[in-house]
Amino acid sequence: MRLWGGRFEGGPADALTRLSVSVHFDWRLVPYDLLASRAHARVLNRAGLLADDELARMLAAIDDLEEACKSGAFRPTVADEDVHTALERGLLERLGSLGGKLRAGRSRNDQIATDLRLYLRDHVRTIVSRLVELETALMSQAEQHAETAAPGMTHLQHAQPVSFGHQLLAHVHPLTRDIERLRDWDKRAAISPLGSGALAGSSLPLDPQAVAAELGFDAAAANSMDAVADRDFAAEFLFCAAMIGIHLSRLGEEIVLWASQEFRWIEMDDAYSTGSSIMPQKKNPDVAELARGKSGRLIGSLMTLLTTLKGLPLTYNRDLQEDKEPVFDAVDTLLLVLPAVSGLVSTMRVNTAKLETSASDGFALATDLAELLVRKGVAFRDAHEAVGHLVVWCQVNDKEFGELTDEELAKVSPHFGGDVRDVLSVPGALAARKAYGGTAPDRVRDQLDTLRETVDAQAAWATGA
Ligand code: ARG
(Lines give C-alpha, C1' and ligand atoms only; values in the text may rest on other atoms or scores of the structure.)
Protein backbone atom coordinates (compact mmCIF):
# COMPACT_ATOMS: atom_id res chain seq x y z
CA MET A 1 0.00 0.00 0.00
CA ARG A 2 2.03 2.91 -1.29
CA LEU A 3 0.90 6.41 -2.18
CA TRP A 4 3.35 6.78 -5.04
CA GLY A 5 3.55 3.61 -7.14
CA GLY A 6 2.36 4.94 -10.53
CA ARG A 7 5.65 5.64 -12.28
CA PHE A 8 7.60 2.74 -10.78
CA GLU A 9 8.07 -0.58 -12.50
CA GLY A 10 9.51 -2.53 -9.61
CA GLY A 11 8.73 -2.41 -5.91
CA PRO A 12 11.04 -0.92 -3.30
CA ALA A 13 13.95 -2.87 -1.86
CA ASP A 14 13.45 -4.22 1.64
CA ALA A 15 16.33 -2.12 2.86
CA LEU A 16 14.62 1.02 1.56
CA THR A 17 11.30 0.05 3.12
CA ARG A 18 12.93 -0.57 6.47
CA LEU A 19 14.82 2.72 6.31
CA SER A 20 11.87 4.73 5.18
CA VAL A 21 9.09 3.45 7.42
CA SER A 22 7.90 5.83 10.14
CA VAL A 23 4.50 4.41 10.98
CA HIS A 24 5.82 2.72 14.15
CA PHE A 25 6.39 6.15 15.65
CA ASP A 26 4.09 8.51 13.74
CA TRP A 27 1.03 6.34 14.48
CA ARG A 28 0.36 8.51 17.50
CA LEU A 29 -0.57 11.31 15.09
CA VAL A 30 -3.75 9.47 14.04
CA PRO A 31 -6.25 11.75 15.83
CA TYR A 32 -4.56 14.87 14.45
CA ASP A 33 -4.27 13.48 10.92
CA LEU A 34 -7.97 12.62 11.00
CA LEU A 35 -8.87 16.05 12.36
CA ALA A 36 -7.02 17.63 9.45
CA SER A 37 -8.70 15.17 7.06
CA ARG A 38 -12.16 16.25 8.20
CA ALA A 39 -11.27 19.90 7.62
CA HIS A 40 -9.82 19.03 4.22
CA ALA A 41 -12.90 17.05 3.23
CA ARG A 42 -15.07 20.06 4.06
CA VAL A 43 -12.92 22.41 2.05
CA LEU A 44 -13.05 20.04 -0.95
CA ASN A 45 -16.82 20.01 -0.58
CA ARG A 46 -17.02 23.79 -0.53
CA ALA A 47 -14.78 23.87 -3.58
CA GLY A 48 -17.26 21.66 -5.40
CA LEU A 49 -14.80 18.76 -5.56
CA LEU A 50 -16.68 16.51 -3.17
CA ALA A 51 -20.47 16.23 -3.40
CA ASP A 52 -22.57 16.62 -0.26
CA ASP A 53 -23.37 12.92 -0.04
CA GLU A 54 -19.71 12.10 -0.65
CA LEU A 55 -18.74 14.43 2.18
CA ALA A 56 -21.23 12.77 4.49
CA ARG A 57 -19.92 9.31 3.64
CA MET A 58 -16.33 10.54 3.97
CA LEU A 59 -16.92 12.06 7.43
CA ALA A 60 -18.73 8.93 8.61
CA ALA A 61 -15.85 6.77 7.37
CA ILE A 62 -13.34 9.00 9.14
CA ASP A 63 -15.32 8.65 12.38
CA ASP A 64 -15.49 4.91 11.92
CA LEU A 65 -11.78 4.70 11.17
CA GLU A 66 -10.98 6.74 14.26
CA GLU A 67 -12.97 4.32 16.39
CA ALA A 68 -11.25 1.38 14.74
CA CYS A 69 -7.85 2.92 15.44
CA LYS A 70 -8.79 3.50 19.08
CA SER A 71 -10.10 -0.01 19.61
CA GLY A 72 -7.17 -1.54 17.77
CA ALA A 73 -9.47 -3.04 15.13
CA PHE A 74 -7.50 -1.05 12.57
CA ARG A 75 -3.72 -1.32 12.92
CA PRO A 76 -0.90 -0.13 10.68
CA THR A 77 1.05 -2.87 8.92
CA VAL A 78 4.69 -2.95 7.95
CA ALA A 79 3.61 -2.23 4.41
CA ASP A 80 2.15 1.14 5.45
CA GLU A 81 5.00 3.58 5.14
CA ASP A 82 3.58 6.19 7.45
CA VAL A 83 0.44 7.27 9.28
CA HIS A 84 -0.94 9.04 6.22
CA THR A 85 -0.56 5.92 4.07
CA ALA A 86 -2.14 3.68 6.68
CA LEU A 87 -5.12 6.00 7.14
CA GLU A 88 -5.68 6.32 3.40
CA ARG A 89 -5.78 2.52 3.28
CA GLY A 90 -8.36 2.61 6.07
CA LEU A 91 -10.51 5.01 4.04
CA LEU A 92 -10.16 2.97 0.86
CA GLU A 93 -11.25 -0.14 2.77
CA ARG A 94 -14.34 1.73 3.93
CA LEU A 95 -15.19 3.83 0.89
CA GLY A 96 -13.66 2.19 -2.15
CA SER A 97 -12.51 4.73 -4.73
CA LEU A 98 -14.19 7.61 -2.90
CA GLY A 99 -11.46 7.18 -0.25
CA GLY A 100 -8.92 8.26 -2.86
CA LYS A 101 -10.54 11.68 -3.32
CA LEU A 102 -9.27 13.14 -0.09
CA ARG A 103 -5.72 13.40 -1.33
CA ALA A 104 -6.64 16.11 -3.85
CA GLY A 105 -4.82 19.37 -3.14
CA ARG A 106 -3.00 17.85 -0.22
CA SER A 107 0.43 16.36 0.20
CA ARG A 108 2.02 14.45 3.02
CA ASN A 109 4.34 17.43 3.26
CA ASP A 110 1.69 19.89 4.40
CA GLN A 111 -0.14 17.09 6.24
CA ILE A 112 2.76 16.06 8.42
CA ALA A 113 3.69 19.64 9.25
CA THR A 114 0.04 20.24 10.23
CA ASP A 115 -0.25 17.01 12.24
CA LEU A 116 2.87 17.73 14.26
CA ARG A 117 1.72 21.25 15.08
CA LEU A 118 -1.70 19.99 16.16
CA TYR A 119 -0.12 17.23 18.26
CA LEU A 120 2.29 19.60 19.96
CA ARG A 121 -0.23 22.36 20.65
CA ASP A 122 -2.42 19.76 22.32
CA HIS A 123 0.36 18.11 24.33
CA VAL A 124 1.92 21.39 25.37
CA ARG A 125 -1.30 22.09 27.23
CA THR A 126 -1.02 18.77 29.05
CA ILE A 127 2.61 19.50 29.90
CA VAL A 128 1.61 22.90 31.27
CA SER A 129 -1.02 21.24 33.47
CA ARG A 130 1.66 18.91 34.87
CA LEU A 131 3.97 21.88 35.44
CA VAL A 132 1.18 23.67 37.29
CA GLU A 133 0.87 20.65 39.59
CA LEU A 134 4.56 20.87 40.42
CA GLU A 135 4.31 24.62 41.00
CA THR A 136 1.37 23.96 43.30
CA ALA A 137 3.23 21.25 45.25
CA LEU A 138 6.23 23.54 45.76
CA MET A 139 3.97 26.43 46.76
CA SER A 140 2.09 24.51 49.40
CA GLN A 141 5.37 23.35 50.98
CA ALA A 142 6.59 26.96 50.76
CA GLU A 143 3.47 28.20 52.49
CA GLN A 144 4.09 25.84 55.41
CA HIS A 145 7.73 26.86 55.61
CA ALA A 146 7.66 30.61 55.07
CA GLU A 147 8.90 31.01 58.67
CA THR A 148 11.30 28.06 58.64
CA ALA A 149 14.87 29.32 58.62
CA ALA A 150 17.33 27.40 56.48
CA PRO A 151 20.99 27.80 55.61
CA GLY A 152 21.05 29.73 52.35
CA MET A 153 24.01 28.75 50.24
CA THR A 154 26.37 30.04 47.63
CA HIS A 155 29.13 27.74 46.34
CA LEU A 156 27.30 25.06 48.35
CA GLN A 157 28.68 26.77 51.48
CA HIS A 158 26.54 28.35 54.19
CA ALA A 159 26.11 31.99 53.22
CA GLN A 160 23.11 33.67 54.89
CA PRO A 161 20.00 32.29 56.52
CA VAL A 162 16.92 32.25 54.30
CA SER A 163 13.31 31.25 54.67
CA PHE A 164 13.03 27.68 53.39
CA GLY A 165 9.79 28.78 51.74
CA HIS A 166 11.77 31.42 49.85
CA GLN A 167 14.11 28.72 48.58
CA LEU A 168 11.22 26.50 47.50
CA LEU A 169 9.62 29.40 45.65
CA ALA A 170 12.96 30.00 43.93
CA HIS A 171 12.18 26.73 42.15
CA VAL A 172 8.66 27.88 41.23
CA HIS A 173 9.71 31.02 39.36
CA PRO A 174 11.72 29.13 36.72
CA LEU A 175 8.69 26.90 36.13
CA THR A 176 6.43 29.92 35.66
CA ARG A 177 8.90 31.18 33.07
CA ASP A 178 8.88 27.78 31.36
CA ILE A 179 5.11 27.97 31.07
CA GLU A 180 5.18 31.54 29.78
CA ARG A 181 7.75 30.40 27.22
CA LEU A 182 5.38 27.64 26.08
CA ARG A 183 2.46 30.05 25.90
CA ASP A 184 4.54 32.36 23.78
CA TRP A 185 5.69 29.39 21.67
CA ASP A 186 2.05 28.58 21.05
CA LYS A 187 1.52 31.90 19.25
CA ARG A 188 4.12 30.98 16.66
CA ALA A 189 2.98 27.37 16.48
CA ALA A 190 -0.61 28.43 15.74
CA ILE A 191 -0.02 28.66 11.98
CA SER A 192 -1.62 26.12 9.65
CA PRO A 193 0.50 24.64 6.83
CA LEU A 194 -2.52 22.89 5.29
CA GLY A 195 -3.15 24.06 1.75
CA SER A 196 0.55 24.37 1.00
CA GLY A 197 0.47 21.00 -0.73
CA ALA A 198 3.88 19.62 -1.59
CA LEU A 199 5.45 23.10 -1.62
CA ALA A 200 3.66 25.49 -3.96
CA GLY A 201 0.04 25.52 -2.85
CA SER A 202 -2.72 24.06 -4.96
CA SER A 203 -4.36 24.90 -8.25
CA LEU A 204 -7.63 23.70 -6.72
CA PRO A 205 -9.84 26.36 -5.12
CA LEU A 206 -9.01 25.42 -1.51
CA ASP A 207 -9.41 27.81 1.38
CA PRO A 208 -6.38 27.52 3.67
CA GLN A 209 -7.66 30.23 6.00
CA ALA A 210 -10.98 28.49 6.59
CA VAL A 211 -9.13 25.22 7.23
CA ALA A 212 -6.78 26.99 9.64
CA ALA A 213 -9.71 28.40 11.59
CA GLU A 214 -11.47 25.05 11.69
CA LEU A 215 -8.35 23.43 13.15
CA GLY A 216 -7.99 26.10 15.83
CA PHE A 217 -5.01 27.81 14.27
CA ASP A 218 -4.72 31.60 14.34
CA ALA A 219 -3.84 31.86 10.66
CA ALA A 220 -2.81 29.97 7.57
CA ALA A 221 0.83 30.02 6.52
CA ALA A 222 1.66 33.02 4.34
CA ASN A 223 4.26 31.11 2.33
CA SER A 224 3.68 27.53 1.21
CA MET A 225 7.40 26.83 0.82
CA ASP A 226 8.19 27.97 4.34
CA ALA A 227 5.17 26.10 5.62
CA VAL A 228 6.37 22.66 4.52
CA ALA A 229 10.04 23.29 5.33
CA ASP A 230 9.69 25.01 8.70
CA ARG A 231 10.38 23.00 11.84
CA ASP A 232 11.19 26.01 14.02
CA PHE A 233 8.15 25.20 16.11
CA ALA A 234 9.53 21.73 16.87
CA ALA A 235 13.01 23.02 17.68
CA GLU A 236 11.62 25.81 19.83
CA PHE A 237 9.43 23.35 21.69
CA LEU A 238 12.49 21.17 22.28
CA PHE A 239 14.37 24.14 23.68
CA CYS A 240 11.47 24.79 26.06
CA ALA A 241 11.51 21.10 27.02
CA ALA A 242 15.27 21.10 27.56
CA MET A 243 15.00 24.19 29.76
CA ILE A 244 12.30 22.49 31.83
CA GLY A 245 14.62 19.48 32.06
CA ILE A 246 17.40 21.68 33.33
CA HIS A 247 15.13 23.23 35.95
CA LEU A 248 14.00 19.78 37.07
CA SER A 249 17.62 18.66 37.24
CA ARG A 250 18.51 21.55 39.52
CA LEU A 251 15.55 20.87 41.78
CA GLY A 252 16.38 17.16 41.64
CA GLU A 253 19.97 17.80 42.66
CA GLU A 254 18.84 19.88 45.64
CA ILE A 255 16.45 17.17 46.77
CA VAL A 256 19.23 14.59 46.52
CA LEU A 257 21.33 16.80 48.79
CA TRP A 258 18.48 17.58 51.19
CA ALA A 259 17.67 13.90 51.62
CA SER A 260 21.29 12.94 52.30
CA GLN A 261 22.57 11.92 55.73
CA GLU A 262 24.81 14.99 55.68
CA PHE A 263 21.93 17.44 55.23
CA ARG A 264 18.89 15.62 56.63
CA TRP A 265 16.67 18.58 55.63
CA ILE A 266 13.88 16.40 54.32
CA GLU A 267 12.56 12.88 54.59
CA MET A 268 11.15 11.46 51.38
CA ASP A 269 7.89 9.57 51.52
CA ASP A 270 8.23 5.82 51.05
CA ALA A 271 6.04 6.03 47.96
CA TYR A 272 8.61 8.26 46.25
CA SER A 273 11.84 6.64 47.33
CA THR A 274 13.54 3.36 46.58
CA GLY A 275 15.51 0.77 48.50
CA SER A 276 18.74 -1.06 47.86
CA SER A 277 18.89 -4.71 46.89
CA ILE A 278 21.80 -5.28 49.26
CA MET A 279 21.74 -2.55 51.92
CA PRO A 280 18.57 -2.92 53.99
CA GLN A 281 18.85 0.52 55.60
CA LYS A 282 18.88 2.49 52.34
CA LYS A 283 16.28 4.94 51.14
CA ASN A 284 17.31 6.38 47.82
CA PRO A 285 16.21 9.53 45.97
CA ASP A 286 15.76 7.84 42.58
CA VAL A 287 12.92 10.14 41.51
CA ALA A 288 15.11 13.19 41.98
CA GLU A 289 18.04 11.46 40.29
CA LEU A 290 15.95 10.44 37.28
CA ALA A 291 14.62 13.99 37.02
CA ARG A 292 18.24 15.12 36.96
CA GLY A 293 19.29 12.35 34.58
CA LYS A 294 16.44 12.69 32.09
CA SER A 295 17.45 16.29 31.41
CA GLY A 296 20.28 14.78 29.38
CA ARG A 297 17.97 13.22 26.85
CA LEU A 298 15.88 16.40 26.60
CA ILE A 299 18.98 18.39 25.75
CA GLY A 300 19.98 15.61 23.36
CA SER A 301 16.65 15.80 21.55
CA LEU A 302 17.10 19.52 20.96
CA MET A 303 20.60 18.93 19.60
CA THR A 304 19.34 16.10 17.38
CA LEU A 305 16.75 18.26 15.68
CA LEU A 306 18.90 21.37 15.33
CA THR A 307 21.61 19.26 13.73
CA THR A 308 19.08 17.70 11.35
CA LEU A 309 17.77 21.11 10.28
CA LYS A 310 21.12 22.76 9.73
CA GLY A 311 21.83 23.40 6.06
CA LEU A 312 18.66 21.78 4.68
CA PRO A 313 17.65 23.34 1.35
CA LEU A 314 14.07 24.38 0.74
CA THR A 315 11.59 22.90 0.88
CA TYR A 316 10.61 19.48 2.21
CA ASN A 317 13.39 16.93 2.53
CA ARG A 318 12.98 13.48 3.93
CA ASP A 319 15.46 14.44 6.66
CA LEU A 320 12.49 16.20 8.21
CA GLN A 321 10.97 12.85 9.13
CA GLU A 322 13.67 12.79 11.83
CA ASP A 323 11.84 15.59 13.63
CA LYS A 324 9.28 13.35 15.27
CA GLU A 325 11.15 10.91 17.50
CA PRO A 326 12.98 13.61 19.47
CA VAL A 327 9.74 15.58 19.83
CA PHE A 328 7.75 12.53 20.98
CA ASP A 329 10.52 11.47 23.32
CA ALA A 330 10.63 14.92 24.90
CA VAL A 331 6.85 14.94 25.40
CA ASP A 332 6.89 11.42 26.87
CA THR A 333 9.83 12.22 29.11
CA LEU A 334 8.23 15.33 30.57
CA LEU A 335 4.89 13.59 31.11
CA LEU A 336 6.73 10.78 32.89
CA VAL A 337 9.00 12.88 35.08
CA LEU A 338 6.71 15.72 36.14
CA PRO A 339 4.08 13.70 38.05
CA ALA A 340 6.82 11.82 39.91
CA VAL A 341 8.60 15.01 40.95
CA SER A 342 5.29 16.61 42.00
CA GLY A 343 4.53 13.57 44.14
CA LEU A 344 7.99 13.62 45.67
CA VAL A 345 7.72 17.30 46.55
CA SER A 346 4.18 17.22 47.89
CA THR A 347 4.85 14.21 50.15
CA MET A 348 8.31 15.07 51.45
CA ARG A 349 8.52 15.91 55.16
CA VAL A 350 10.66 18.90 55.99
CA ASN A 351 12.91 18.50 59.02
CA THR A 352 12.23 21.96 60.42
CA ALA A 353 14.36 21.44 63.55
CA LYS A 354 17.41 20.42 61.55
CA LEU A 355 17.02 23.35 59.16
CA GLU A 356 16.63 25.87 61.94
CA THR A 357 19.56 24.65 64.02
CA SER A 358 21.87 24.74 61.03
CA ALA A 359 20.56 28.05 59.67
CA SER A 360 23.14 30.06 61.59
CA ASP A 361 26.00 27.54 61.21
CA GLY A 362 29.14 28.70 59.52
CA PHE A 363 28.83 32.24 60.92
CA ALA A 364 25.93 32.84 58.58
CA LEU A 365 25.01 36.03 60.47
CA ALA A 366 28.36 37.70 59.69
CA THR A 367 26.81 40.00 57.09
CA ASP A 368 24.13 41.09 59.58
CA LEU A 369 26.88 41.98 62.02
CA ALA A 370 28.75 43.99 59.40
CA GLU A 371 25.55 45.79 58.45
CA LEU A 372 24.95 46.65 62.11
CA LEU A 373 28.28 48.47 62.10
CA VAL A 374 27.34 50.20 58.85
CA ARG A 375 24.19 51.50 60.50
CA LYS A 376 26.45 52.96 63.21
CA GLY A 377 28.44 54.86 60.58
CA VAL A 378 31.35 52.44 60.01
CA ALA A 379 32.45 52.10 56.39
CA PHE A 380 31.38 48.71 55.04
CA ARG A 381 34.98 47.94 54.12
CA ASP A 382 36.07 48.36 57.76
CA ALA A 383 33.02 46.54 59.06
CA HIS A 384 33.75 43.60 56.75
CA GLU A 385 37.32 43.49 58.03
CA ALA A 386 36.29 43.65 61.70
CA VAL A 387 33.73 40.87 61.37
CA GLY A 388 36.30 38.81 59.46
CA HIS A 389 38.63 39.12 62.45
CA LEU A 390 35.82 38.11 64.76
CA VAL A 391 35.19 34.96 62.69
CA VAL A 392 38.86 33.99 62.94
CA TRP A 393 38.87 34.71 66.68
CA CYS A 394 35.81 32.50 67.13
CA GLN A 395 37.31 29.69 65.08
CA VAL A 396 40.57 29.78 67.05
CA ASN A 397 38.68 29.85 70.36
CA ASP A 398 36.02 27.38 69.24
CA LYS A 399 33.10 29.71 69.82
CA GLU A 400 29.96 30.78 67.99
CA PHE A 401 29.08 34.46 67.65
CA GLY A 402 26.32 34.03 70.22
CA GLU A 403 28.68 32.79 72.91
CA LEU A 404 30.92 35.89 72.95
CA THR A 405 31.10 38.11 76.02
CA ASP A 406 31.18 41.92 75.79
CA GLU A 407 34.82 41.79 76.82
CA GLU A 408 35.78 39.38 74.07
CA LEU A 409 33.90 41.44 71.50
CA ALA A 410 35.65 44.64 72.53
CA LYS A 411 39.02 42.88 72.37
CA VAL A 412 38.54 42.12 68.67
CA SER A 413 37.29 45.55 67.62
CA PRO A 414 36.25 48.74 69.40
CA HIS A 415 33.25 48.81 67.06
CA PHE A 416 31.65 45.84 68.79
CA GLY A 417 29.40 46.41 71.80
CA GLY A 418 26.73 44.38 73.52
CA ASP A 419 24.22 45.41 70.82
CA VAL A 420 25.93 42.87 68.61
CA ARG A 421 23.75 40.26 70.23
CA ASP A 422 20.61 42.09 69.04
CA VAL A 423 21.29 41.16 65.43
CA LEU A 424 22.46 37.65 66.18
CA SER A 425 19.04 36.14 65.81
CA VAL A 426 18.13 34.12 62.77
CA PRO A 427 14.45 35.16 62.78
CA GLY A 428 15.65 38.76 63.14
CA ALA A 429 17.99 38.33 60.19
CA LEU A 430 15.17 36.95 58.05
CA ALA A 431 12.65 39.60 59.08
CA ALA A 432 15.20 42.35 58.38
CA ARG A 433 15.39 41.37 54.70
CA LYS A 434 12.02 42.89 54.07
CA ALA A 435 12.54 44.83 50.84
CA TYR A 436 10.74 43.57 47.74
CA GLY A 437 12.10 40.20 46.66
CA GLY A 438 13.80 39.56 50.01
CA THR A 439 13.56 36.50 52.22
CA ALA A 440 11.52 38.05 55.07
CA PRO A 441 8.60 35.67 55.79
CA ASP A 442 6.14 38.52 55.13
CA ARG A 443 7.66 39.06 51.70
CA VAL A 444 7.57 35.30 51.05
CA ARG A 445 3.84 35.35 51.75
CA ASP A 446 3.38 38.33 49.39
CA GLN A 447 5.36 36.42 46.79
CA LEU A 448 3.07 33.44 47.26
CA ASP A 449 -0.01 35.62 46.73
CA THR A 450 1.34 36.93 43.44
CA LEU A 451 2.50 33.49 42.32
CA ARG A 452 -0.92 32.02 43.01
CA GLU A 453 -2.48 34.48 40.55
CA THR A 454 0.14 33.64 37.94
CA VAL A 455 -0.29 29.90 38.42
CA ASP A 456 -4.10 30.16 38.30
CA ALA A 457 -3.86 31.96 34.96
CA GLN A 458 -1.46 29.31 33.69
CA ALA A 459 -3.75 26.49 34.79
CA ALA A 460 -6.69 28.18 33.04
CA TRP A 461 -4.70 28.57 29.82
CA ALA A 462 -3.81 24.88 29.82
CA THR A 463 -7.38 23.72 30.12
CA GLY A 464 -8.86 26.42 27.93
CA ALA A 465 -10.96 27.59 30.90
N1 ARG B 1 6.65 10.47 6.92
C2 ARG B 1 7.00 11.72 6.33
C3 ARG B 1 7.56 12.66 7.40
O4 ARG B 1 7.43 12.34 8.51
C5 ARG B 1 5.76 12.34 5.77
C6 ARG B 1 6.05 13.21 4.58
C7 ARG B 1 6.56 12.38 3.48
N8 ARG B 1 6.73 13.17 2.32
C9 ARG B 1 7.40 12.70 1.27
N10 ARG B 1 7.48 13.48 0.27
N11 ARG B 1 7.98 11.54 1.28
O12 ARG B 1 8.14 13.67 7.11
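## Ligand site

In this predicted model, a polar side-chain atom of Tyr-316 sits 2.5 Å from an oxygen atom of the ligand. Lys-324 also reaches a ligand oxygen: an N or O atom of the Lys-324 side chain is 2.6 Å from an oxygen atom of the ligand. A polar atom in the side chain of Ser-22 lies 3.5 Å from a nitrogen atom of the ligand. How much of the ligand does the protein bury? Taken alone, the ligand exposes 340 Å², and the protein buries 87% of that.

The surrounding residues include Asp-82, His-84, Arg-108 and Asn-109. Ile-112, Arg-318 and Gln-321 are also among them.

## Domains

The domain assignment of the chain gives domain 1 as 14-104. Domain 2 is assigned in two pieces, 109-358 and 457-463. Domain 3 covers 366-424. Between the C-alpha centres of domain 2 and domain 3, the distance is 46 Å.

## Asp-178 in helix 7

Asp-178 belongs to helix 7, which runs over residues 164-189. Is Asp-178 buried or exposed? Its relative accessibility is 0%, so Asp-178 counts as buried; the cut-off for buried is under 20%.

The side chain of Asp-178 has a polar partner. It makes a polar contact with the side chain of Arg-181, at 3.1 Å. Beyond its neighbours within four places in sequence, Asp-178 is in contact with Met-243, Ile-244 and His-247.

## Helix 14

Helix 14 spans residues 366-375. Its buried residues are Ala-366, Asp-368, Leu-369, Ala-370, Leu-372 and Leu-373. An α-helix has 3.6 residues a turn, so residues three or four places apart point the same way. Within helix 14, Ala-366, Leu-369 and Leu-373 are among the buried positions.

Which helices do these buried residues pack against? They pack against helix 15 (380-397) and helix 17 (426-432). After helix 14 comes Gly-377, with a positive phi near 100°.

## Cysteines

How many disulfides does the model contain? The count comes to zero. That count rests on a cut-off: the two cysteine sulfur atoms must be within 2.5 Å.

Cys-240 has a relative accessible area of 3%, so Cys-240 is buried. For Cys-394 the relative accessible area is 1%, and Cys-394 is buried too.

Definitions and conventions
Residues numbered from 1 in each chain as written. Predicted model: local features only at pLDDT ≥ 70, side-chain atom pairs only at ≥ 80, totals over all residues. Heavy atoms only, no water. Buried < 20%, exposed > 50% of the residue type's maximum accessible area, 1.4 Å probe, protein only. Helix = DSSP H or I, 4+ residues; strand = E, 2+ residues; numbered from the N terminus. Contact = heavy atoms within 4.5 Å. Domains from an automatic or database assignment. Near = heavy atom within 4 Å. Polar contact = N/O pair within 3.5 Å; in protein donor to acceptor, adjacent residues only side chain to side chain. Areas by Shrake-Rupley, 256 points an atom, 1.4 Å probe, with all protein chains shown as cover.
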